[in-house]
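Here are some notes for a colleague who is opening this structure for the first time. Please read each point with the model in view.

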Amino acid sequence: MASIDDLFKQKPWPPSNKRKFEYTHDPKAVYKVTKVDANGNAKSNGTANVEDLPEDDDMEAGPAPPPDESDEIIDDEEGRFFGGGITSDTADVLDFIDKQDEGHDEVRKSVQDYRGKRLTSCQQNPEKIDAAWLRKLALNFERRISKNSELRAKFEHDPQKFMGSEADLDADIKALSILSEHPDLYGEFAKLGCVASLVSLLSHENTDVAIDAIEVVNELTDEDVEAEQEQWDAVVDAMLEADLLSLLFDNITRLDETNESDRAGLYHILSVLENLSSRSAISESVGKDTPFIPWFLKRMQHKEPTVSQNKQYSAEILAILLQSSSLNRMKLIEADGVDILLQLLSPYRKRDPAKGTEEEEYVENLFDCVTCCVDEPAGKTKLLEAEGIELCLIMLREGKMSKPRALRLLDHALGGTAGAACCEKLVEAAGLKTIFSILMKKVLHHTSHKNPHQTPKEPRVPPR
């Protein structure tokens with residue numbers, strides 16, 4: 001019989017296929033085995049390093065309790081805290097600020113009440129704009145002008161002395177724009193002499209004041225104003241008598257387009273010229289009595305990265321002046337304007353401006369200016385001398401946007417008995433081939449949808 005020792009020395013049973021739990025951590029690290037002594041007290045294992053402490057019933061654990069309210073609070077030795085944590089001086093300052101805030105609140109409330117009452121009064125009793133109101137406005141306007149002139153003359157080297165009066169004058173100038181909504185007062189406005197006073201401000205030393213005056217003139221003469229012809233003529237005649245055209249040109253020469261406000265002022269000047277050009281007599285006076293036409297040519301020759309609004313507007317105003325007066329056309333021709341305009345058009349013989357831009361409208365206005373000039377016999381001669389016929393033929397062959405406009409220009413240049421020389425030049429430059437090819441393309445374009453090999457159908461004859 002095998003002994004017990006031999007039984008334990010035998011090989012173990014064959015390994016079982018049952019899955020065993022796999023610990024992710026060391027079991028000894030998860031918890032520590034405790035031992036119990038003979039008295040039933042738990043003892044830590046040998047790995048523990050905490051020493052046994054003697055039992056003491058009087059020992060307190062945790063944070064100390066808060067002091068009782070009856071305990072006396074010892075004041076800080078430096079006296080920095082008083083009551084709520086501020087010094088007496090700081091408390092006085094805060095009391096003073098609170099009193100000031102209360103005073104400001106009362107003032108603010110009173111101002112709001114006043115504004116509310118004023119607004120209610122204005123809504124209930126709107127100011128009536130009539131002849132009496134206009135006379136009062138004109139009187140205040142004249143006083144503002146006189147006061148500003150006196151202060152400027154008295155304190156010429158101290159702008160701070162007259163800047164306040166200048167701001168008041170500027171506000172009164174802008175207030176005159178409301179007259180554009182009441183054209184029935186135009187006649188009275190001119191009789192009071194306010195129109196002449198307004199125009200005189202175009203020569204003011206401060207360009208901002210002059211620009212504001214120009215803007216008001218533009219609003220009063222705008223075509224959108226619902227004024228009768230007699231009312232419009234009354235205010236415009238008063239402006240012309242005050243030498244409006246010369247003052248407008250003087251402002252053009254002193255404005256700097258690099259400044260945004262001056263650039264806007266130039267635009268308002270051009271707009272005034274457009275308004276005045278609706279009367280052919282004034283349009284002729286612009287070309288005869290002022291050097292605007294040479295200035296337009298010079299302005300359009302300024303090189304810019306992109307065509308600006310004022311450059312385009314200058315070309316448009318020039319086209320309007322040339323269409324309305326033969327005298328203006330002759331003045332442009334004498335200033336060698338045809339050659340200048342053709343030079344400005346030459347970059348567009350092959351290149352088209354972007355659609356919907358200022359440049360596209362600028363090119364159209366240039367074509368209109370040349371077309372107006374060639375209606376005069378002298379303009380046809382200048383067109384030949386500047387090789388305008390050859391430029392138009394190049395545009396017909398290679399241009400896109402410029403093609404129909406060049407054809408229109410040739411139509412005006414070849415017309416009449418004075419256009420015989422232009423006709424001869426067109427034939428010499430082989431222009432007939434170019435023109436006929438354009439006409440043939442038009443014919444082919446309309447018949448291209450048909451089959452050339454298809455014979456026309458015979459008309460059906462109804463049976464008898």
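1. What is being viewed is a predicted model, in which local features need pLDDT of at least 70 and side-chain atom pairs count only at pLDDT 80 or more, while totals for chains, interfaces and linings use all residues. Residues are numbered from 1 along each chain as its sequence is written, and side-chain values use heavy atoms, with hydrogens and water left out.

2. The protein has 22 helices and 2 strands, these being DSSP runs numbered from the N terminus (helices: H or I, at least four residues; strands: E, at least two). Of its 464 residues, 31% are buried, where buried means under 20% relative accessible area, exposed over 50% and partly exposed in between, with a 1.4 Å probe and protein chains only. Among contacts with a separation of 6 or more, 71% are between residues 24 or more positions apart, a contact being heavy atoms within 4.5 Å. The accessible surface comes to about 32000 Å², and carbon and sulfur atoms account for 52% of that surface; the areas come from the Shrake-Rupley method with a 1.4 Å probe, and for residues only the protein chains shown count as cover.

3. Helix H9, residues 229-241, has 13 residues and reaches 18 Å from its first C-alpha to its last, close to the expected 18 Å at 1.5 Å a residue; the expected span is 1.5 Å times one less than the number of residues. Its buried residues are Trp 232, Val 235, Val 236, Ala 238 and Met 239. They lie on the same side of H9, because they cover an arc of only 155° around the axis, the arc being that of the directions from the helix axis to the C-beta atoms. An α-helix has 3.6 residues a turn, so residues three or four places apart point the same way.

4. On the other side of H9, Gln 229, Glu 230 and Glu 241 are exposed. The buried residues of H9 pack against several helices, including H6 (186-191), H8 (207-221) and H11 (260-276). Just after H9, Asp 243 takes a positive phi of about 65°.

5. Helix H4, residues 131-154, has 24 residues and reaches 35 Å from its first C-alpha to its last, close to the 34 Å expected. Among its buried residues are Trp 133, Phe 141 and Asn 148, and what covers the buried residues of H4 includes H5 (163-175), H6 and H7.

6. How many aromatic pairs does a search of the whole structure find? There are 4 aromatic pairs, a pair being rings of Phe, Tyr and Trp (its six-membered ring) with centres within 6.5 Å, where planes under 30 degrees apart count as stacked, over 60 as edge-to-face and the rest as tilted. Phe 249 and Phe 292 have ring centres 5.3 Å apart and planes at 80°, so the pair is edge-to-face. This pair links distant parts of the chain, with Phe 249 in H10 and Phe 292 in H13, 43 residues apart. Phe 249 is buried at 16% relative accessible area, and Phe 292 is buried at 0%.

7. Glu 376 is found in the loop between H17 (358-373) and H18 (377-385), and at 13% relative accessibility Glu 376 counts as buried. The side chains of Glu 376 and Arg 329 are joined by a polar contact of 3.0 Å, that is, a pair of N or O atoms within 3.5 Å in which, within protein, one must be able to donate a hydrogen and the other to accept it, and residues adjacent in sequence count only if both atoms are side-chain atoms.
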